[in-house]
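Dear colleague,

I am passing on the structure we spoke about, and below it you will find a short account of what was found. Please read the account with the structure open beside it.

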Amino acid sequence: MAAALERALGSVTAGEAAAAMPVPVLVLGPEGSGRTALLLRAALAGGGDGPRALFLAPSALPRLPGGDDGGGGNDPRALQRLELRYPPSLGALGRELGAVAARPRPPGLLLLDGLERYLGGGPGAPARLAALLLEAARSPGPPRPPAQVLASLRLPPPGPHVLPALRRYFPAECRLRPAPGVPLRLRARLTRPGVPPRCWRLRFGPHGQLRVAPADGDSEGDEDTDSDEDGDGDEAWG
């Protein structure tokens, strides 16, 4: 999934994304940090040439990304690849995930937005939900790579046990940090085992457009903390 996320941010080609081994990724950020928009951009990246995508969320999206931002939102072929489902509860989500394997054409990209909304089942809920996601990503039948999994979690998490449990199943993280004092601008930092971190600057437009620019991956300390009050000072664009 890291490859699909990098493709959404304009860092890899379609061929490189298809050849990469899927690595489950958690997208972390505070309320209003663009987690949903980034998941949708990953789903639509590549226009009609990307994988079939199943997007799951606890409530309906107000709108899809718009504007000519390179994210695929204006390409009708990309929208044809995207299926939106809104299971309102953990039980409904489990049924959706259980039905993935029975599909004649399973998705190649599995996205879950608002993971924190499904974690009301006690301390073991994060691990159970993560296991359900990864199991749904494993397609039965002839050998084929599992679906790429991308899930978003609002920070701070709903309990101190949540992130440690999820990190056992999601070896990669993309953390979103709003630029202090600059509305609609953020910094994204992708970390995964054995690979140097990668960073981008993100800017949202008034109609949901998302502009992306590379950033220096060494300019930000990435403390292993649930707080987002890190003040990365990323106030300039370009």
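Two strands are said to pair if DSSP finds at least two bridges between them, and helices (H or I, at least four residues) and strands (E, at least two) are themselves DSSP runs, numbered from the N terminus. This is a predicted model, in which local features need pLDDT of at least 70 and side-chain atom pairs count only at pLDDT 80 or more, while totals for chains, interfaces and linings use all residues. Residues are numbered from 1 along each chain as its sequence is written, and side-chain values use heavy atoms, with hydrogens and water left out.

The protein has seven helices and nine strands, and an open sheet of nine strands runs in the order β3-β2-β4-β5-β1-β6-β7-β8-β9, with mixed pairing. At its edges stand β3 (82–85) and β9 (210–215), each of which pairs on one side only. From one strand to the next, the twist averages 20°, where axes are lines fitted to C-alpha atoms, for helices over the stretch in contact, and angles run from 0 to 180 degrees between N-to-C directions.

Strand β8 (residues 195–204) pairs with β9 in the antiparallel sense over six bridges, and L202 stands opposite V212 in β9. Helix α6 (residues 125–137) lies across β4 (109–112) and β5 (148–155), and runs at about 160° to β4.

As for contacts (heavy atoms within 4.5 Å), among those between residues at least 6 apart in sequence, 69% join residues at least 24 apart.

With kind regards
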